[in-house]
Amino acid sequence: MAMKLSKFCDETLVKFDLKSTTKDDVIEELVGLVSGSNMIKDQDQLLTDVRERENLVTTGVGYGVAFPHAKTKAVKGILIAFGRSAEGIAFDAMDHRPVNLFFLIAAPEDAIGAHLNVMARLSYLMKSEENRQKLMAVSSPGEVLELIDNVE
């Protein structure tokens with residue numbers, strides 16, 4: 001039975017028109033997006049931890065995709081937020097191209113396996129150009145949740 005990634009996300013954690021134009025701002029905007037979630041214990045801590053992780057090595061994996069993430073005391077459970085920028089944001093990506101599609105992943109410090117599983121599945125999903133194009137085109141949060149659940 002495949003893991004449904006949507007159980008870590010919901011329609012309030014999807015934003016189609018990110019306002020940010022810089023890497024630091026987009027991380028802050030994504031963390032702000034999840035701030036209302038009951039999984040968040042400490043929004044400031046989450047922001048600090050995601051930034052620290054990002055400073056180690058970029059999570060801009062190329063193809064217009066980035067997975068800013070952290071294992072952190074700031075959350076009670078795994079959380080995924082999705083953000084999209086039509087223009088693209090410079091994110092120090094590995095292929096030096098702007099990033100349009102962002103998945104913020106936050107996991108509790110003890111969620112070793114599950115956290116890696118979520119990252120792996122999202123990475124696999126985003127390897128497909130068809131899936132990336134779909135995510136650029138969808139217009140409802142429900143479609144995003146459906147798409148991330150249909151990873152084989």
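**Before you start**

Residues are numbered from 1 along each chain as its sequence is written, and side-chain values use heavy atoms, with hydrogens and water left out. Because this is a predicted model, local features need pLDDT of at least 70 and side-chain atom pairs count only at pLDDT 80 or more, while totals for chains, interfaces and linings use all residues.

Colour the chain by pLDDT, the predictor's confidence in each residue, from 0 to 100. The mean for the chain is 94, and 98% of its residues reach 70 or more. Among the elements of the chain, β3 has the highest mean pLDDT (98) and α3 the lowest (89); helices (H or I, at least four residues) and strands (E, at least two) are DSSP runs, numbered from the N terminus.

**The nonpolar core**

Select L46, F102, F103, V118, L122 and L135, which have the most contacts inside the largest nonpolar core, a set of 53 residues. Such a core is made of buried Ala, Val, Leu, Ile, Met, Phe, Trp, Tyr and Cys residues joined through side-chain atoms within 4.5 Å, where buried means under 20% relative accessible area, exposed over 50%, and partly exposed in between (1.4 Å probe, protein chains only). The elements that each supply at least two residues of this core include α1 (23–34), α2 (43–56), β6 (99–108) and α3 (112–127), and β6 gives the most, with eight residues.

Now centre on F102 and show its contacts, meaning heavy atoms within 4.5 Å. Leaving aside neighbours within four places in sequence, F102 is in contact with L18, V26, L30, A66, A81, F82, G83, I89 and F91.

Select β5 (79–89), a mostly covered strand in which eight of 11 residues are buried. Strands count as paired here if DSSP finds at least two bridges between them. Two bridges join β5 to β1 (residues 14–15), and these strands run parallel; V14 has F82 as its bridge partner in β5. Seven bridges join β5 to β6, this time antiparallel, and R84 stands opposite L101 in β6.

From here, move to α5 (141–149), whose buried residues are V144, L145, L147, I148 and D149. These buried residues pack against β1, β5, β6, α3 and α4 (129–137).

**Charged side chains**

What is the nearest side chain of opposite charge to D49, and how far away is it? Select D49 in helix α2, and then K73, which is the nearest such side chain at 7.0 Å; D49 is buried yet has no salt bridge. Not counting residues up to four places away in sequence, D49 touches A70, T72 and K73.

By this rule the count comes to nine salt bridges. Select E29 and K15, whose side chains meet in one of them (2.8 Å, N to O). This pair links distant parts of the chain, with E29 in helix α1 and K15 in strand β1, 14 residues apart. E29 counts as buried because its relative accessibility is 15%, whereas K15, with a relative accessible area of 24%, is partly exposed.

Next, select K19 and D17, which meet in a salt bridge (3.0 Å, N to O); K19 counts as exposed at 59% relative accessibility, and D17 as partly exposed at 45%. A further pair to display is D95 and R97 (3.8 Å, N to O). Salt bridges that share partners also join K23, E54 and D92 into one network.

**Two loop residues with positive phi**

Most residues other than glycine have a negative phi. Select Y63, which is not a glycine but has a positive phi of about 60°. Y63 lies in the loop between β2 (60–62) and β3, and counts as exposed because its relative accessibility is 52%.

Then return to D92, in the loop between β5 and β6, where phi is near 55°, again a positive value in a residue other than glycine. D92 counts as exposed, at 57% relative accessibility.

**Last stop: N117**

Finish with N117 in helix α3, which is partly exposed at 36% relative accessibility. The C-alpha atoms of N117 and L5 are separated by 9.8 Å, although these residues are 112 apart along the chain.

Definitions and conventions. Lys and Arg count as positive and Asp and Glu as negative; His and the chain ends are not counted. A salt bridge is a side-chain nitrogen of Lys or Arg within 4 Å of a carboxyl oxygen of Asp or Glu.
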